[in-house]
Structure formats: C-alpha cells, structure tokens
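Hi there,

Here is the structure I promised to pass on.

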Amino acid sequence: MAILEICAGSVESAIAARDGGAQRIELCAALEVGGVTPSAGLIAQARKVKELVLNVIIRPRAGDFLYDEHEVACMEEDIHTCKLLGIDGVVIGALTAEGDIDTANCKRLIDAADGMSVTFHRAFDMCRAPQKALEELISLGCDRVLTSGQAPTAEAGIALLKELVEQADGRITIMPGCGVNSGNAAKILSETGACEIHASARKNVGSGMLFRHSGVSMGNPDSDEYARKETDVNEVRAIVNSIK
C-alpha cells in the first residue's frame with residue numbers, strides 16, 4: 001500500500017491521523033497560510049504519539065520562499081531543536097529571486113538536519129523550471145518532494161506529476177499533495193505512479209466556549225474565532241481504504 005502522510009496542526013490531529021491508518025504526519029502551525037514551524041512544545045508533545053513517523057515543517061513565516069540570512073539562521077536553529085526532540089524528518093524549501101532552488105541555503109538546512117529525512121515542500125510548485133529543480137534536489141540529497149505538479153491541486157497536476165515520477169526514477173520520492181481526498185487519492189496514485197501521497201483530511205470543529213464575545217477578531221475580521229480545523233479520523237480511514 002502507498003504511504004499516506006497527513007498534514008496535522010495539533011496533537012489531536014496527530015492522534016486522529018494515526019488512528020485513521022496514516023503512517024506519517026507533517027506537523028505544522030498556521031495551516032491556513034500553508035504551514036509554518038510549530039512551537040517546540042507542540043513538537044515535543046506530538047513526538048509522544050506512538051507508531052507514527054513525525055516530520056516537521058521548517059518555515060519561518062508565510063509568504064514567498066526567498067529568505068534572508070536571519071531567516072535561514074532561524075530555520076537552522078529550528079532544525080537543531082527538532083534533532084534534539086528526536087524528530088524523524090524535516091520539511092524545507094527555499095528559492096532564489098529568479099525562481100530557482102536556493103541550493104546554497106538548502107544545503108545549509110540539509111547539513112543541519114544531519115541524517116534526518118528531508119522533504120522539499122511545495123516551494124517546488126513556485127519554481128520556474130521543475131525538471132531542473134528536481135535534479136538539483138536529487139543532487140542535494142533530499143529524500144522526497146511534496147508537490148501538486150505546479151497546479152492548483154494534485155489531481156489537476158497529474159500530467160506533470162507523472163513526468164516527475166518518471167524523471168526521478170527511484171532517485172527521490174515524488175509525493176503528490178494539495179486537494180487530495182478519499183475520492184481522488186487512488187486515481188492520483190494510479191495515474192502518476194507515485195507511492196506516497198499527502199492530504200490534510202480536515203474537518204471543522206466547533207469551540208467548547210459557552211461565553212462568546214461576537215464582533216471581536218484576533219486576526220482576519222471575517223474569521224470565526226469559535227471554530228477550528230482538525231484532522232478527521234474518518235476521512236483518513238477512507239483515504240487509506242481507497243488506496244489499499
């Protein structure tokens with residue numbers, strides 16, 4: 001069976017991913033902006049979830065993937081923290097202003113990982129020459145690439161994903177992600193030849209707050225402060241069953 005990775009933003013979601021049958025999670029904070037590095041406390045608590053491979057995204061902020069020296073140094077420190085906490089792998093990505101892989105800074109991050117698994121995240125979908133970028137990531141020693149095939153969803157990117165799987169030829173893992181669900185996961189795997197797939201499998205969860213102060217927002221004025229998204233164990237289970 002293909003490996004299913006779930007993008008999780010809490011310990012609750014990590015447990016749901018495991019109980020649904022996923023083999024691995026990508027732990028992130030701020031999933032609404034594509035994920036940034038979670039706190040050391042969350043990483044340490046997620047590490048306590050047994051029988052689950054734990055990768056952690058290393059991304060200092062939302063926005064583009066062009067990083068200055070301070071941001072790269074911050075990412076190195078976060079990777080060192082992950083190493084100390086016994087994390088299985090890290091998820092990185094950095095680009096140059098011209099849209100190429102920032103090989104110099106990526107090498108710094110891979111060196112900091114010091115033997116941990118390294119995934120290159122969907123910064124790959126923002127690069128200008130995916131075939132060239134893939135060869136650079138192989139040369140750097142990355143283990144896998146998370147990508148939608150440079151399309152709005154992985155299903156829409158099947159054509160390029162298939163090309164990338166063929167180009168990789170076992171030298172690196174191509175992991176389709178973005179818009180993956182129980183209705184299309186099997187199709188994406190079958191038509192691309194990929195052996196791993198990435199999904200969020202989230203559902204809305206209501207707040208347990210009894211007192212509610214409406215009209216006040218902690219961020220986006222249109223956001224609902226009394227709802228959040230968590231991994232849905234039933235959707236994880238449905239994806240697993242669809243790809244067996």
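Predicted model: local features only at pLDDT ≥ 70, side-chain atom pairs only at ≥ 80, totals over all residues.

Residues are numbered from 1 along each chain as its sequence is written, and side-chain values use heavy atoms, leaving out hydrogens and water.

The sheet is open and has eight parallel strands, in the order β7-β6-β5-β4-β3-β2-β1-β8. Strands (E, at least two residues) and helices (H or I, at least four) are DSSP runs numbered from the N terminus, and two strands pair if DSSP finds at least two bridges between them. At the edges sit β7 (173-176) and β8 (196-199), each pairing on one side only. Strand β1 (residues 3-8) is joined to β8 by four bridges; Leu4 has Ile197 as its bridge partner there.

Now to helix α4 (residues 103-113). Its buried residues (under 20% relative accessible area, 1.4 Å probe, protein chains only) are Asn105, Cys106, Leu109, Ile110, Ala112 and Ala113. Down the axis of α4 they fall within an arc of 160° (taken from the directions from the helix axis to the C-beta atoms), so they line one face of the helix. They pack against α3 (69-84), β4 (89-92), β5 (117-120) and α5 (130-140), with contact meaning heavy atoms within 4.5 Å. Just after α4, Asp114 has a positive phi of about 50°.

Best wishes

Definitions and conventions:
Buried < 20%, exposed > 50% of the residue type's maximum accessible area, 1.4 Å probe, protein only.
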